[in-house]
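Hi there,

Here is the structure I promised to pass on to you. Have a look at it first, and then read on for what turned up when I went through it.

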Amino acid sequence: MEQLPISHILVVSSALFFIGVYGFLARRNLITILMSIELILNSANINFIAFNKYLYPDKLDGVFFTMFIITIAAAEVSLGLAIIINLYRRFNTIDIEDTKTMKY
Amino acid sequence: MNGTIILFYILSVIVIVFAAISVFTQKIFRAAICLLTSLVGIAGIYLLWDMDFIAALQIIIYVGGIVVLIIFSIFLTHRASEKLPEQTLIRRIRSFIIALIGFVFTSWVLLSSQLLSVNTTPSSTPLSIKEIGLQILTFDKYGYLLPFEAVSFLLLAVLVGGITIAIKHKNKN
């Protein structure tokens, strides 16, 4: 029985990573930038799980790293959205070009 | 070619196509829904690899928590049918070139690497939740108690910080 080569999994996750990088650079809306960060973190999770399954199948370290990454992503999104909503309340926009009070 | 491999390719096409739609579309609500579909597809990939616990975490936290939070804040800050303003062409082209160069370089390295072409066999034993629970709460070798406590302090700090940021200040005058 042939196996799925690990490099194909890594190519899929790097495609996901660079889609996220494109969204991070091209968007100007803060919420869509947060969504791109979610894509980037998910591609890292896929890599951790794949390496855990292929290289060290009797250990659990990749699973633990994935769990911590998911936890920290949840924390980051909740704080980020709190900041964004506060920003919207004060400036009435969430465009990154328009919110420049603390720029200099 | 057995069923699992074909299923993996189908799922990864779903994940990448929906992630791309979520990044390229101009409607923000559609972007959130496509992000949700992409995250469900990633959970399907985890299920395919017998990682039941991680797939459940992905569904509960990402799909049930984060995307719902994002959709709520979209409704608080936008009208649902509103289109985002079009980005400038130079900005889009610059970001696209950066992402494309990175992707081509990374896949070239990955596909030509000798290190990854070793014949590794994935495990077929499913993930044992009892093992995870025992290992995350020990402090001997390979125990993860310290990061667990650090993450719980982080969550506490985020809870307090979220309340502090979102609280409404009353005007004194």
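In this predicted model, 77 residues of chain B are in contact with 68 residues of chain A. Between them, the two chains bury about 7000 Å², and 76% of that area is on carbon and sulfur atoms. On the polar side, there are zero salt bridges between chain B and chain A, while nine residue pairs are in polar contact, both residues of each pair being at pLDDT 80 or more.

Which helices of chain B supply at least two residues each of the side that touches chain A? They are H1 (3-24), H2 (28-48), H3 (52-77), H4 (89-112), H5 (129-136) and H6 (145-166). H3(B) gives the most, with 13 residues. Sorted by class, the side of chain B that touches chain A has 52 nonpolar, 20 polar and five charged residues.

Now for chain B by itself. Chain B has six helices and zero strands, so you can read its elements from the N terminus on as α-α-α-α-α-α. Of its 173 residues, 35% count as buried. Among the contacts in chain B with a separation of 6 or more, 56% are accounted for by residues 24 or more positions apart.

The buried residues of H4(B) are B:Arg91, B:Ser95, B:Ala99, B:Gly102, B:Ser107 and B:Leu110. What do they pack against? Their partner is helix H1 (6-26) of chain A. As background, an α-helix has 3.6 residues a turn, so residues three or four places apart point the same way.

One residue of chain A is worth a click as well. A:Asn29 lies in the loop between H1 and helix H2 (30-54) of chain A. Is A:Asn29 buried or exposed? Its relative accessible area is 9%, and because anything under 20% counts as buried, A:Asn29 is buried. The side chain of A:Asn29 reaches the backbone nitrogen of A:Ile31 at 3.0 Å. Leaving aside its neighbours within four places in sequence, A:Asn29 is in contact with A:Ile94 and, across in chain B, with B:Ile28, B:His78 and B:Leu84.

Note on methods
Residues are numbered from 1 along each chain as its sequence is written. Chains are lettered from A and ligands numbered from 1 in the order in which they are written. This is a predicted model: local features need pLDDT of at least 70, side-chain atom pairs count only at pLDDT 80 or more; totals for chains, interfaces and linings use all residues. Side-chain values use heavy atoms; hydrogens and water are left out. Contact means heavy atoms within 4.5 Å. Buried area is the accessible area (1.4 Å probe) that two parts lose on being put together, summed over both. A salt bridge is a side-chain nitrogen of Lys or Arg within 4 Å of a carboxyl oxygen of Asp or Glu. A polar contact is a pair of N or O atoms within 3.5 Å; within protein, one must be able to donate a hydrogen and the other to accept it, and residues adjacent in sequence count only if both atoms are side-chain atoms. Helices (H or I, at least four residues) and strands (E, at least two) are DSSP runs, numbered from the N terminus. Ala, Val, Leu, Ile, Met, Phe, Trp, Tyr, Cys and Pro count as nonpolar, Asp, Glu, Lys and Arg as charged, and the others, Gly among them, as polar. Buried means under 20% relative accessible area, exposed over 50%, partly exposed in between (1.4 Å probe, protein chains only).
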